[in-house]
Structures are given as structure tokens and as C-alpha cells.
Amino acid sequence: MPGVGVRVDGQVAGAGRCGWQMTGVANLCLGVIGLFPFFLLSVYVSNLGLAGGAPLGWTLVVVPLTVGYGALWFLVNRGLLKLTTPAHARRHWWLAALLTSAPTLSLPVGALVSGAF
């Protein structure tokens, strides 16, 4: 028995709107958490030319943190994919990427609106 409420194809029985709402909330939260790895990665990339290469200390921190965050994002969204219908699987991944990047993309937009640039 695969589990209560789980069909043979792995999809959760009765999933639909709840799956989209959970995808939205989870990916917005992942986007807020992802601000820290994104900030460290942007500092790392901007300093590559100044330091004459990749500093080992930064590499040992930034690369595992970024890869770990990417793995967390993938595993969470793979689990949430079971709450959507198979016909909407491609939409799920696009929505997940868009909502995860929303907090990061809102920073320069907010700065432009407030006149900080």
C-alpha cells in the first residue's frame, strides 16, 4: 500500500488548488531564505577579478552553500510536484522558479522606486 490518499502513479488523490497554494508559499519562503546565498554568491563573483582568481576561503563557503540551497529547492519542489496534476508539471517548475526569484528581484525594483539608485 503506497500510502493513504496516494494513487498508484504517485500523485496525491484530490490534489489541485491546495498544491498550487503550497507551491506558492513554500517557494516564496525559499526565496527569502535564498537571499543570503545569492548575496554571498554576488560578492564572490564581483571579487573574482579583484583578487586575481577565486580565494580559497570564499570558495569553500560559497560553493557548498549555493549547491546545498539548490538541492533543498529541488527536493522541496519535487515533493510539491506530487500535489499538482501531471498535466501541469511544467507550470509547477516555472512557477517555482519565478516565486523563488521574486524576493531577489524585488530588491533592485524597490531601490529604483525609492530613488536609491
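This is a predicted model: local features need pLDDT of at least 70, side-chain atom pairs count only at pLDDT 80 or more; totals for chains, interfaces and linings use all residues.
Leaving aside neighbours within four places in sequence, which residues is His92 in contact with?

View 1. Residues are numbered from 1 along each chain as its sequence is written, and side-chain values use heavy atoms, with hydrogens and water left out. His92 lies in helix 4, residues 89-114 (helices are DSSP runs of H or I with at least four residues, numbered from the N terminus). Apart from those neighbours in sequence, His92 is in contact with Trp20, Thr23, Asn77, Leu80, Leu81 and Thr84 (contact means heavy atoms within 4.5 Å). His92 counts as buried because its relative accessibility is 0% (buried means under 20% relative accessible area, with a 1.4 Å probe and protein chains only).

**View 2. The packing of helix 3 against helix 4.** Helix 3, residues 56-81, packs with helix 4 at an angle of about 140°, and their axes are 11 Å apart (axes are lines fitted to C-alpha atoms over the stretch in contact, and angles run from 0 to 180 degrees between N-to-C directions). Tyr69, Trp73, Phe74, Asn77, Arg78, Leu80 and Leu81 in helix 3 meet Ala89, His92, Trp93, Ala96, Ala97 and Thr100 in helix 4.

**View 3. Helix 3 along its length.** With 26 residues, helix 3 reaches 37 Å from its first C-alpha to its last, close to the 38 Å expected at 1.5 Å a residue (the expected span is 1.5 Å times one less than the number of residues). The buried residues in helix 3 include Tyr69, Trp73, Asn77, Leu80 and Leu81.

Note on methods:
Helices (H or I, at least four residues) and strands (E, at least two) are DSSP runs, numbered from the N terminus. Buried means under 20% relative accessible area, exposed over 50%, partly exposed in between (1.4 Å probe, protein chains only).
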